[in-house]
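Here are a few notes to read alongside the model. Please keep the sequence open as you go.

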Amino acid sequence: MPTSDLSPSGSRKASGGRGPAASGRRSRLGGPGRTEPAARLTSAGWPAGPREHRRPQHPLALGFYFYPPMGEDLIDQFSPSAHCLLGISIGYFVQDFLDMICNQKLQKCWELLFHHFVVIVCFGFAFLVRRFVGFAMVALLVEINSVFLHLRTILRMAGLANTTSFRLASLINLGTYLVFRILILAWMSRWLALNQDNVPAVPYAMGTVGMAIMLSINIVLFYRLLRSDFLPSHKE
């Protein structure tokens, strides 16, 4: 609630002609002098948020749980910790990008380099303009799968590729990959389409192209994992 609307005592300034409308603006806290605009509802009965036709999002991670407005408005609402996490994530992708350039052959990692470049550009834009931070937090949910993807790699490096532990890790890896790297990105693409009118042209174009690239890369990598771990004729 803007501070300009409050008198020194903390109550809303009286103005003529507000009558019945003011009575419908009581705060949920119910205390005297605590008022806010009445929430608009979508057709599903959920609060519409700052824009009347925006659809609410369910809490998707701890950041959304502790700061629910970010789940309702992926464009403008975010907490300082979410913005800080976005900056740390950009630093990680920059470091990993440079490490691959210096220590790996280009033909073996060009997909990941391209992936990291797109992520750095999109995340960097959100970090600098301080908008779409919530949308970026949804994108970071793909890193949940990274835990099992790296576990799989560690088990292979340890020579345990033919063990039950590796097969279990591979199953969990594929399951979380499908949910967090493909379905989440598909949901984000759908969100962009549904909120096209709320997103300016430049970030909308960046998001659309980025989602198309990310989905394509992750689908290809999913097939490679499936072929390597579960198709006998292609196992290494």
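1. Arg 131 is partly exposed, at a relative accessible area of 23% (buried is under 20%, exposed over 50%, partly exposed in between, with a 1.4 Å probe and protein chains only). Its partner in a salt bridge is Asp 76, with the closest N and O atoms 2.8 Å apart; the term means a side-chain nitrogen of Lys or Arg within 4 Å of a carboxyl oxygen of Asp or Glu. Asp 76 sits in the loop between α3 (68–72) and α4 (80–103) and Arg 131 in the loop between α5 and α6 (133–139), so the pair ties together parts 55 residues apart in sequence.

2. A word on the source: this is a predicted model, where local features need pLDDT of at least 70 and side-chain atom pairs count only at pLDDT 80 or more, while totals for chains, interfaces and linings use all residues. Residues are numbered from 1 along each chain as its sequence is written, and side-chain values use heavy atoms, leaving out hydrogens and water.

3. Which side chains meet at 2.7 Å, N to O? They are Glu 111 and Arg 224, in a salt bridge. Glu 111 is in helix α5 and Arg 224 in helix α9 (residues 201–230), so parts 113 residues apart in sequence are tied together. Glu 111 is buried, at 12% relative accessibility.

4. Helix α8 covers residues 164–194 (helices are DSSP runs of H or I, at least four residues, numbered from the N terminus). At Tyr 177, α8 bends by about 30 degrees, the angle between axes fitted to the seven residues ending there and the seven starting there.

Terms used
Helices (H or I, at least four residues) and strands (E, at least two) are DSSP runs, numbered from the N terminus. The expected span of a helix is 1.5 Å times one less than its number of residues.
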